[in-house]
Amino acid sequence: MYGPEFASDPASVYRRLRASGPTARVEIAPGVRATLVTGYEAALHVLRSPETFSKDPRHWRDLADGTVPADSPVLPMMTYRPSALFSDGEEHARLRGAITDTLARVESSTLRGYAERGADTLIDRFAPRGTADLLGEYAQVLPLLVFNHLFGCPAGHGVRLVEGMSGMFDGVDAGKAHELLVATLLDLVELKRRRPAADMTSWLMEHPAGLTDEELIHTLAVLMGAGTEPQQNLIANALRLLLSDDRFAGDLSGGTLPVEDALDEVLWTDPPIANYAVHYPLYDVVYEGSALRAGEPLVVSLAAANTDPALTSRRRTGNRAHLAWSAGPHTCPAQGPARLIASVAVERLLDRVPDVELAVPVEELRRRPGPFHRALAALPVAFPPAPTVGRTGDGQAGDGRTGDARTDTAGRSPSEPFVPPASGPWTPGTGRPRSAWARTAAWWRGE
C-alpha cells in the first residue's frame, strides 16, 4: 500500500482484498504489517467500539518488540503522542473537549472571510497568466493561509511548518520532519505564552482542560495536520471532479455551480484521507470468521468502506452517511469548518475563472504515493486570463502586535501579510514536477 501502483489505482486493490472478506492482511510500509478494514459495517463496528478497539498505539505489539523498523516512514503518523488522536476514555474526552470548545469560538463569518480573502490573494497571482497548478498554487496554500490566521502563526514559522508536515505525510525524512514540526510548535507556544492574543493557540492554552505544554504542542500538530493535508486534498479532488466529470461539466457551463454535490461525491468516492483511523484490538477478536489479533494495527479504509458493494444506496448527493470524517468517539470535530473552507475555495475559483479547464487529460493526472492519503501530485489547468481584485492583508496573522523586529527567511516581519511570489505555469512534458509541498516551502522562503 505504499508504492506508485497503489497510489494510481487503489480501487482495484480494495476489490481484490474484499475477496477475503471485510478485513484483509496488508503491508502499509516495508516491514509494517496491519489489517485493512474494507467493509462499511466492519468499519463502523471498529470505529464505534472503543471498549474493544483502542486508539492508543502503545498497544502496538510489533512496535514494542522491535519488529517494526525504527526508521519506518509511517511511524510519525502512528506512534503515541499525548493528543486526542491517540487516547481513549476520559483522557480522550478531556483532550477532545479542548479542541471542540476552541473550534466553537471561531465564527463562521470570520472563517469564511479568511478563506475568501486568501483565495482572492492566490487567484490574483495566476489569474492574469491563464495557467496554473491548482494544487501547488491554490489548494495546498489556501488552508495554510487560513490556519495561520486562526492560530496566530508568525510569518517566520511558515516554512518550518510546511517542511515538517510535508515530510510526515509523504514519509520523506519523516523523523526529522516530526522533530522540526514539534520544535516550531514549541516556539509558537512560547511566543503565545508571552503574548496571548485572540487566536486558537491562546484559547487552547487557557482552556480549563489544563493542557500541558506537551499536550498543547501535539494538539496543535493534530489540528494543523488535519486541517492542511486533508483539506488540500478535498479542494483539489473536488476541482478535479468538477473539471473532468460530464455530470458536473454541463452544469458548470450552464451557470450552475454544483459545488456541494461535488463535495458529497468526493467525500464518498475519493475521500482526502483514504486509509487511517488506526485502532488496536485490546484482545484477540474474531469478526465474521477473521481473526483480529490483539495489538495488531487495524487500519480503517474509509475509501474502501464508502465504496463497499454491500451498501444498498448509491445516492451521493446530500447523503452524509459516508465515513470520510470517520465515526464514533473520534469522528472529526471540524467537519463543518473543513467543508466551509473547501466550498469557498471551489466557489471562489469558479467565480473568478469560470472557463477553467484541465490542461492535460484527466487520466494523466498523477497521485502522490502513500498508504494514508488520496492526493494529487499536480492539477494543471488553463483558462482565459482574468483580472485581479487586488486584495491585501491575507497572509500570516502575525502575533497581534506591531514593532516586532523578527523576520522570516524572506525578510518579512511577522505582521506583514504572506503573499506567495508568482510562479511560472505548469508545463506538460518537462519531467516530474516539483513536489507541491516543496513549491509551497519555496514560496514561504521567497524563492
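Buried here means under 20% relative accessible area, exposed over 50%, and partly exposed in between, with a 1.4 Å probe and protein chains only. The model is predicted, so local features need pLDDT of at least 70 and side-chain atom pairs count only at pLDDT 80 or more, while totals for chains, interfaces and linings use all residues. Residues are numbered from 1 along each chain as its sequence is written, and side-chain values use heavy atoms, with hydrogens and water left out.

I start with the aromatic rings. A pair of aromatic rings is described by the distance of the centres and the angle of the planes. Rings of Phe, Tyr and Trp (its six-membered ring) pair if their centres lie within 6.5 Å; planes under 30 degrees apart count as stacked, over 60 as edge-to-face and the rest as tilted. That rule gives six aromatic pairs. One of them joins Phe-6 and Tyr-14, which are edge-to-face because the centres are 6.1 Å apart and the planes stand at 80°. Phe-6 is buried at 9% relative accessibility, and Tyr-14 is buried at 5%.

How are the rings of Phe-147 and Phe-151 arranged? They are stacked, since their centres lie 5.5 Å apart and their planes are at 25°. Both belong to helix H9 (residues 141–151), where they are four residues apart, so about one helical turn separates them. Helices (H or I, at least four residues) and strands (E, at least two) are DSSP runs, numbered from the N terminus. Phe-147 has a relative accessible area of 12% and is buried; Phe-151, at 0%, is buried as well. As for the rest of H9, 11 of its 11 residues are buried, including Asn-148 and His-149. After H9 comes Gly-152, with a positive phi near 60°.

Ring pairs also link Phe-126, Tyr-138 and Phe-383 into a cluster.

Next, charges over rings. The criterion is NZ of Lys or CZ of Arg within 6 Å of the ring centre and within 35 degrees of the ring normal. Arg-58 lies over the face of Tyr-80, 3.7 Å from the ring centre. The charged end of Lys-55 sits over the ring of Tyr-276, at 6.0 Å from its centre.

Lys-55 and Tyr-276 turn up again in the lining of the second largest cavity. On a 1 Å grid over the protein atoms alone, a cavity is a set of points where a 1.4 Å probe fits but cannot get out; a pocket is an open set with protein on both sides within 12 Å along at least five of seven lines, and lining residues have an atom within 4 Å of a point. Grid points are joined across faces, edges and corners, and a volume is the space filled by probe spheres set on the points.

The whole structure has two cavities of 30 Å³ or more. Helix H5 (75–78) and strand S5 (275–281) each give two or more residues to its lining, and S5 provides the largest share, three residues. By class, that lining has seven nonpolar residues, no polar ones and one charged. Nonpolar covers Ala, Val, Leu, Ile, Met, Phe, Trp, Tyr, Cys and Pro; Asp, Glu, Lys and Arg are charged, and the others, Gly among them, polar.

Last, the second largest pocket, of about 510 Å³. Its lining has 29 residues, with Ser-8, Pro-10, Asp-270, Arg-367 and Arg-374 nearest the centre. Helices H1 (4–8) and H2 (10–18) each contribute two or more residues, and the largest share, four, comes from H1. The classes are 14 nonpolar, six polar and nine charged.
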